[in-house]
Amino acid sequence: MKALVINCSPVRNGATAEIVGIIAGELGSRYETKSVCIDDYKFSFCLGCRSCHKTAKCVQHDDVDLLMEEFENADVIVCVAPSYWADIPGQFKAFIDRVTPWCNTHEPHAKLSSSKRGFAVALRTGPNMKECERLIGSIEHFYGHLEIECAGNLGMVSVEYKEDVAAHREEILALCEKM
Ligand SMILES: Cc1cc2nc3c(=O)[nH]c(=O)nc-3n(C[C@H](O)[C@H](O)[C@H](O)COP(=O)(O)O)c2cc1C
């Protein structure tokens, strides 16, 4: 069984990367685990042309296909996203927009193989959990339209730098138990 853990922040050594490292470390004994950063992939914005509604394919060809291959290869997918202006980072949102060929609201659409489980993890610097819930909602909405089962989530507040993650280690490990 394979797990994919995605740093949905463009920062490769920040708090999000620290959380990705803890999760990948925990899953490593149970899954063949791969961690990636959204910034490893270069892709253009969705054009909104809706060609994919008729063809199930994007008119653009870039690294979106590579990241979707990682989704296809994984049984468990964990998206870890920091709040940027009270929402997921733009790079991650741009990726989700480009995944429209796989969205189950139109026929034909591209399909991932079934029985995948997805986990949503959000973090932010401010103290209010409601903002994390908004990010989790965005990630779970994305999973839903790919028919990835939403199997668990975690929001963390008061996290700005990687040093702040230690206070949340037990919560992160408890989520890993469910994976
Ligand atoms: C552009 C930007 C916007 C941010 N907006 C918010 C915000 O709206 N609310 C919040 O609580 N934290 C906000 N933050 C703080 C991040 O959520 C927090 O520092 C997080 O730990 C960043 O993780 P990273 O360094 O791995 O990207 C923002 C950070 C950046 C860089």
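**Contacts and cores**

Tutor: Setting aside neighbours within four places in sequence, Met-68 is in contact (heavy atoms within 4.5 Å) with Phe-95, Val-99, Trp-102, Leu-112 and Leu-146. This is a predicted model, in which local features need pLDDT of at least 70 and side-chain atom pairs count only at pLDDT 80 or more, while totals for chains, interfaces and linings use all residues. Residues are numbered from 1 along each chain as its sequence is written, and side-chain values use heavy atoms, with hydrogens and water left out.

Student: Which residues of the largest nonpolar core touch the most other members?

Tutor: In soluble globular proteins, nonpolar side chains tend to be buried together. A nonpolar core is a set of buried Ala, Val, Leu, Ile, Met, Phe, Trp, Tyr and Cys residues joined through side-chain atoms within 4.5 Å; buried means under 20% relative accessible area, exposed over 50%, and partly exposed in between (1.4 Å probe, protein chains only). Here the largest core has 35 residues, and Met-68, Phe-71, Ile-77, Phe-92, Phe-95 and Leu-146 touch the most other members. Helix H5 (129-145) is among the elements that give two or more residues to this core, and H5 provides its largest share, six residues. Helices (H or I, at least four residues) and strands (E, at least two) are DSSP runs, numbered from the N terminus. Another core, of 25 residues, lies apart and includes Val-76 and Phe-119.

Student: How many residues surround the ligand, and which are the closest?

Tutor: A residue is near a molecule if one of its heavy atoms lies within 4 Å of it. In this model 17 residues surround the ligand, the closest being Ser-9, Thr-16, Ser-83, Arg-124 and Glu-131.

Student: Where are Arg-50 and Ala-56 found, and is each buried or exposed?

Tutor: Arg-50 has a positive phi of about 65 degrees although it is not a glycine. Arg-50 is in the loop between strand E2 (32-37) and helix H2 (51-55), and is exposed, with a relative accessible area of 55%. Ala-56 also has a positive phi of about 65 degrees; Ala-56 is in the loop between H2 and helix H3 (64-73), and is buried, at 15%.
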